[in-house]
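Let's take a walk through this one together. Have a look at the picture first, and then we'll go piece by piece.

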Amino acid sequence: MDLERRGEPNAPFDTPFDSQGWQPGWHASPEELSAETPHERLKVHRGFRSRILPDRRDLIVYLPPGYEADPSRSYPVLYLNDGQNLFDPATSFIKGRTWQVRETADAAIEAGEVEPLIIVGIYNTGDRRLAEYTHERDWQMGGGEADSYGALLTRELMPWIAEHYRVKPGREHTGLGGSSLGGLVSLYLGLKYPEVFGRLAVLSPSVWWNHKSILGVLNDLAPHLQKRPRIWLDVGDHEGRMTLRDTELLAKRLKANGWQDEESVHFEKVRGGTHDEASWAQRVGPMLRFLFPAGG
């Protein structure tokens with residue numbers, strides 16, 4: 001990608017966004033900006049345009065119960081990939097089937113099990129999903145734009161969220177997650193930006209990508225981490241023997257690289273778990289309770 005031709009400053013992609021630097025824009029037409037959602041505490045923002053990656057993308061923001069009642073309170077925030085599959089049955093990959101994130105988060109928060117938090121769903125960009133969610137280029141499948149996607153998140157999207165919603169600053173209050181390739185890129189960016197993301201939700205990760213190269217990335221980066229993100233890692237035992245074996249290997253590598261206690265990593269083999277929205281929906285509650293426990 002020719003960044004200079006697109007007007008991109010020649011800045012490195014390994015530092016967080018500088019608020020004095022360039023700003024992203026919103027380029028959806030006025031009639032596109034408003035959208036109905038399944039619940040009043042879900043806010044859709046259409047047509048976010050980056051200066052780092054070419055495609056516009058929508059956001060959907062979950063606000064916890066009581067958000068409007070106390071304007072002085074700030075909240076931790078969890079960014080989730082594949083945002084169209086999280087909340088809205090009309091936009092999900094399989095129509096009518098979502099992760100049921102709002103329903104699950106509401107119930108866990110109201111039960112006092114999970115700290116009230118903001119959840120930001122980042123829609124994928126369709127055909128370019130594979131490119132943006134992979135850290136290295138595969139000679140057959142392409143990809144390898146996760147560094148640019150990480151720059152978009154940390155320099156553009158997260159500062160915009162912080163400007164418009166009451167999010168707590170700091171890595172200890174900031175999470176990133178996803179499933180499949182979305183889980184893979186979450187782990188990669190969590191290792192690359194440990195000063196930004198302190199909590200990772202890695203569901204059914206695509207460890208297989210480019211000959212399991214994420215394992216080498218983990219071995220290379222982990223010794224240099226001053227702080228390790230807290231990681232929820234899972235896989236269903238009905239996702240295929242290779243997927244199960246690869247994720248078990250990832251869990252072992254995490255342990256060997258310093259994630260050794262139950263507070264730093266939780267690895268869950270989900271009995272009967274499959275590689276789809278319905279199965280991931282069942283894991284949202286346990287994941288939130290581990291990463292954002294009430295009082296924790």
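Contact here means heavy atoms within 4.5 Å, and helices (H or I, at least four residues) and strands (E, at least two) are DSSP runs, numbered from the N terminus. What you're seeing is a predicted model, where local features need pLDDT of at least 70, side-chain atom pairs count only at pLDDT 80 or more, and totals for chains, interfaces and linings use all residues. Residues are numbered from 1 along each chain as its sequence is written, and side-chain values use heavy atoms, with hydrogens and water left out.

The protein has eight helices and nine strands. Among contacts between residues at least 6 apart in sequence, 74% join residues at least 24 apart.

Now find helix 6, residues 209–221. Its buried residues are W209, N210, S213, I214, L215, V217 and L218. Those residues pack against helix 3 (129–132), helix 5 (181–192) and helix 7 (241–256).

Next, hop over to strand 3, residues 57–62. Six of its six residues are buried, so the strand is largely enclosed by the rest of the structure. R57, L59 and V61 point one way, while D58, I60 and Y62 point the other.

Who are its neighbours? Two strands pair if DSSP finds at least two bridges between them. Strand 2 (residues 42–49) pairs with strand 3 in the antiparallel sense over five bridges, with I60 as the bridge partner of V44. Strand 5 (residues 118–122) also pairs antiparallel with strand 3, over four bridges, and there I122 stands opposite L59.

Definitions and conventions: Buried means under 20% relative accessible area, exposed over 50%, partly exposed in between (1.4 Å probe, protein chains only).
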